[in-house]
Amino acid sequence: GDDCMVIYDCQEGTVKRTLNSKKYGCGLVQFTHAANAVIHSSNKVDDQIRYLSLHDNKYLRYYGGHTKRVVALQMSPIDDTFISGSLDKTIRLWDLRSTTCQGLMHMSGRPVAAFDPEGLIFAAGIDSSMVKLYDLRSYDKGPFSTFRDVKRQAQNT
């Protein structure tokens with residue numbers, strides 16, 4: 001697995017900086033709304049998500065709860081909320097300001113998760129066979145819409 005983050009200047013196509021994470025490893029990385037900070041999943045030691053200040057290469061917070069590798073990680077487009085999905089078959093909602101998980105959903109398989117552009121809805125995909133849409137403000141009531149076997153249905157038409 002990777003044990004460093006490489007930051008590129010996209011306009012110049014050059015490497016701006018390399019940050020090592022030899023102890024924890026580095027999986028998925030997402031910029032936060034703060035100019036000099038990222039969250040990233042770990043692929044060594046444990047399955048925590050880490051909040052890293054790029055300014056001084058110091059960890060600000062650790063978000064524990066997943067018991068297997070994190071396979072989905074995305075910041076909300078509007079605030080400090082982020083979502084994670086793990087091979088432990090859970091999706092978790094977080095707030096950067098708190099290390100306590102804000103929401104937990106148990107899935108039937110490997111999850112993927114993403115916010116809509118307005119940050120009001122998130123989608124949870126399970127094992128490439130189903131997509132469930134949730135209202136962020138009332139996700140605990142369950143999905144408001146579910147699409148099953150989308151690919152299979154398209155092939156049959």
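Buried means under 20% relative accessible area, exposed means over 50%, and partly exposed lies in between (1.4 Å probe, protein chains only). Keep those cut-offs at hand for this tour.

The model is predicted: local features need pLDDT of at least 70, side-chain atom pairs count only at pLDDT 80 or more, and totals for chains, interfaces and linings use all residues. Residues are numbered from 1 along each chain as its sequence is written, and side-chain values use heavy atoms, with hydrogens and water left out.

Start with the salt bridges (a side-chain nitrogen of Lys or Arg within 4 Å of a carboxyl oxygen of Asp or Glu). The count is three.

Select Arg50 and Asp46. Their side chains form a salt bridge, N to O 3.1 Å. Arg50 is buried, at 1% relative accessible area. Asp46 is partly exposed, at 25%.

Next, select Asp95 and Arg97. The closest N and O atoms of this salt bridge are 2.6 Å apart. Asp95 counts as buried at 15%. Arg97 is exposed at 59%.

Move to Asp135 and Arg137. Here the salt bridge has its closest N and O atoms 3.0 Å apart. Arg137 is exposed, with a relative accessible area of 65%.
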